[in-house]
Amino acid sequence: MLFSSIPFAFYFLPAVLVLYFAVPFRFKNAILLAFSLFFYGWGEPVYLLLMMASIVAGWIFGLLIGKHRGTPKAKLLLTLSLVTSLGLLGWFKYADFAVENLNALGLQLTLPGIALPIGISFYTFQILSYTIDVYRGNVESQKNIVDFGAYVSMFPQLIAGPIVRYADVARQLKSRTHSVEKASLGVRRFVIGLAKKVLIANQLGQLVELYRSTTQPSVLFVWMYAAAFALQIYFDFSGYSDMAIGLGHIFGFDLLENFNYPFISRSISEFWRRWHMSLGGWFRDYVYIPLGGNRVKPLRYVFNVLVVWALTGLWHGAAWNFVLWGLLFAVLLTVEKFLVGKAMA
């Protein structure tokens, strides 16, 4: 169910708003969870079971890790949690990719042919950030499975982000402010995002499709396609983020920004501090810094950057072109840091 679709705008959203604001606060997270699960199951009901299993597993691991925090058992539980979450993500998103590469090496394996569950990368990363933060002692484990389920499945940001960390909304799950002013701000932000998606991204998408159907494009058309594709991706993704943040305001949540005018950046590193900020922050805090960050020797720094950007590429898609895309940015960022960083500052 798309935010820009008739079922969402005229049926789903009015229904959830009426019930959400009709019940006392103690039931609001339950309403949000129920409608979020319905929203997710609308397109492919079978994968609703996968999400529910992920929620239950993440909640149980969080409780156990919090109970044994500071002991070797907590580390073992965290490892099991990571293996469970990444194992599910790996199977559903990367199994076909792995088999294709094994077959290219001479094996004759049958492709699993697994359909990719929508949003699995987003809610998996949210569960991972929760269990890791519980292990680190940054947050307390959530005792209420309804509140935890509402956090993981929250429909405003479920499909296209931003990636919301539990630490950023833990207090808001227990207590948040609802007001006409905040709701009006949310409606305004949602409408802006909807306009970005429908009036700009979708129209640019038609130009992109026209180019792809052309057999002999001119040089000018190629440049038009490149600009249109870049802007389509930006306005599509930024529009969804705006709609998610706006809906969050309506329901009393303050979700973090995900885009900050990336095309005004003066360097590649600045661009990635402004583009999909929640994903970049996630990889920084849970992969890059644990690897040593930039407080290491140059060769180790290059290794850290290559690892982070190879994983970033894989996160975007299960194909070698995404991996190469990530590694290309790793090379560009390394060159910028050691060779041209001062000139671009």
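Me: What makes the radius of gyration of this chain agree with that of a compact globule?
Reply: A compact globule of 345 residues would have a radius of gyration near 20 Å, and the chain has 21 Å, so the two agree. The model is a predicted one. Along its principal axes, the C-alpha trace spans about 60 × 50 × 50 Å.

Me: How do you know which parts of the chain the predictor is confident about?
Reply: The confidence of the predictor in each residue is given by pLDDT, from 0 to 100. The mean pLDDT of the chain is 93, and 99% of the residues reach 70 or more. Among the elements, helix α6 (residues 145–153) has the highest mean, 96, and helix α14 (residues 320–344) has the lowest, 87.

Me: What elements make up the chain, and in which pattern do they follow one another?
Reply: There are 14 helices and zero strands.

Me: Why is asparagine 29 called buried?
Reply: Buried means under 20% relative accessible area. Asparagine 29 has 4%, so this residue is buried. Asparagine 29 is found in helix α2 (residues 28–41).

Me: How do you know which residues asparagine 29 is in contact with?
Reply: Contact means heavy atoms within 4.5 Å. Leaving aside neighbours within four places in sequence, asparagine 29 meets this condition with Val146, Asp147, Ala150, Leu173 and Arg176. The C-alpha atoms of asparagine 29 and alanine 150 are separated by 6.0 Å, although the two residues are 121 apart along the chain.

Me: Is leucine 185 buried, partly exposed or exposed, and what makes it so?
Reply: Leucine 185 has 42% relative accessibility, so it counts as partly exposed. Leucine 185 lies in helix α9 (residues 180–212). The C-alpha atoms of leucine 185 and leucine 324, which are 139 residues apart along the chain, are separated by 40 Å.

Me: Why is serine 85 called buried, and which residues does serine 85 touch?
Reply: The relative accessibility of serine 85 is 13%, which is under the limit of 20%, so serine 85 counts as buried. Serine 85 is found in helix α4 (residues 72–104). Not counting residues up to four places away in sequence, serine 85 touches Thr124, Ile127 and Leu128.

Me: Which residues of the largest nonpolar core touch the most other members?
Reply: Of the 89 residues in this core, they are Phe3, Phe8, Tyr123, Phe125, Tyr151 and Phe155. The largest share of the core, eleven residues, comes from helix α10 (residues 219–250). The contacts of phenylalanine 155, leaving aside neighbours within four places in sequence, include Phe3, Phe8, Leu32, Phe39 and Leu247.

Me: Why is the pair of tryptophan 272 and phenylalanine 329 called edge-to-face?
Reply: The structure holds 50 aromatic pairs. In the pair of tryptophan 272 and phenylalanine 329, the distance is 5.1 Å centre to centre, and the planes are 85 degrees apart.

Me: How do you know that the charged end of lysine 28 sits over the ring of tyrosine 20?
Reply: The distance part of the rule asks for a charge within 6 Å of the ring centre. The charged end of lysine 28 is 4.7 Å from the centre of the tyrosine 20 ring. Lysine 93 lies over the face of tryptophan 315, at 5.4 Å from the ring centre.

Me: What is the phi of histidine 276, and why is histidine 276 called buried?
Reply: Histidine 276 has a positive phi of about 45 degrees although it is not a glycine. Most residues other than glycine have a negative phi. Histidine 276 is at 2% relative accessibility, under 20%, so it counts as buried.

Methods
Residues numbered from 1 in each chain as written. Predicted model: local features only at pLDDT ≥ 70, side-chain atom pairs only at ≥ 80, totals over all residues. Heavy atoms only, no water. Helix = DSSP H or I, 4+ residues; strand = E, 2+ residues; numbered from the N terminus. Buried < 20%, exposed > 50% of the residue type's maximum accessible area, 1.4 Å probe, protein only. Core = buried A, V, L, I, M, F, W, Y, C linked by side-chain atoms within 4.5 Å. Phe/Tyr/Trp six-rings, centres within 6.5 Å; stacked < 30°, edge-to-face > 60°. Lys NZ or Arg CZ within 6 Å of the ring centre and 35° of its normal. Rg over C-alpha atoms; globule rule 2.2 N^0.38 Å.
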